[in-house]
Amino acid sequence: MEGLEPRLAKLARNGDRDAFRELVQLYKDRIYHLAYRMLGNAQEAEDVVQDTFLRVYTNLDRYDDTHKFSTWIYRIGTNLCIDRLRKRKSTLSLDAESSEGEGIDGHDMLSSPDPLPEQQLVLSETQQVIRDAIEKLPAKYKSIVILRYLHDMSLQEISDVLNMPITTIKTRVHRGREALRKKLDHQHFF
């Protein structure tokens, strides 16, 4: 039996706009959160979402429905984020400040939906410290750390998204986690 997403992709490929609209509804928030976490900027995240769906739409004929649609769309979104990170590499630390005022994001990483105000303050400060540390990771570790720990993807899924051998993913997860730990140790986080 064919899954929902491959069926929608097939319909969209044949010109069914409602099917494509449904794919957008299914993935727009996921891609936005991925992009926001990787880029730390709401406007750029929105741009990546738009560019991702534009690429999906124009390349639907290249989608292989024997593979997971989610892997394909995450690969497109991740690659667009990596391209943007490479382009702004020299101004990365200055751009990180521009995400102030975006409100608390990443609350879905927390297990408690209703923390006390004091807990919320501590948690938001903790999230900000972790988000800043992730922001400062090299792009090759950053994307993998985000996919692994913020999007809960398996090593195999990350391997499929980034089109890399799973051994490379394992190494980068390990090195990314170590780099993150060093950054947090440096800030006396632990």
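Q: What share of the contacts in the chain with a separation of 6 or more comes from residues 24 or more positions apart?
A: Such residues account for 64% of those contacts, a contact being heavy atoms within 4.5 Å. This is a predicted model, in which local features need pLDDT of at least 70 and side-chain atom pairs count only at pLDDT 80 or more, while totals for chains, interfaces and linings use all residues. Residues are numbered from 1 along each chain as its sequence is written, and side-chain values use heavy atoms, with hydrogens and water left out.

Q: How many helices and strands are there?
A: The chain has 9 helices and 0 strands, taken as DSSP runs numbered from the N terminus (helices: H or I, at least four residues; strands: E, at least two). Along the sequence the pattern reads α-α-α-α-α-α-α-α-α.

Q: And how much of the chain is buried?
A: Buried residues make up 37% of the 190 residues. Buried means under 20% relative accessible area, exposed over 50%, and partly exposed in between, with a 1.4 Å probe and protein chains only.

Q: Turning to rings, how many aromatic pairs are there?
A: The count is 7 aromatic pairs. Rings of Phe, Tyr and Trp (its six-membered ring) pair if their centres lie within 6.5 Å; planes under 30 degrees apart are stacked, over 60 edge-to-face, and the rest tilted. One of the pairs, Phe 20 with Phe 53, is edge-to-face, at 6.3 Å centre to centre and 85° between the planes.

Q: Which parts does that pair tie together?
A: Phe 20 belongs to helix α2 (residues 17-39) and Phe 53 to helix α3 (residues 42-58), so the pair ties together parts 33 residues apart in sequence.

Q: Are those two buried or exposed?
A: Phe 20 is buried at 13% relative accessibility, and Phe 53 is buried at 8%.

Q: Which residues do ring pairs link into a cluster?
A: The cluster consists of Tyr 27, Tyr 63, Phe 69 and Trp 72.

Q: New topic: what is the phi of Asp 152?
A: Asp 152 has a positive phi of about 55°, although it is not a glycine. Most residues other than glycine have a negative phi. Asp 152 lies in the loop between α7 (139-150) and α8 (155-162), and is exposed, with a relative accessible area of 67%.

Q: And where is Asn 163?
A: Asn 163 is in the loop between α8 and α9 (166-186). Its phi is also positive, near 55°, and Asn 163 is exposed at 62% relative accessible area.
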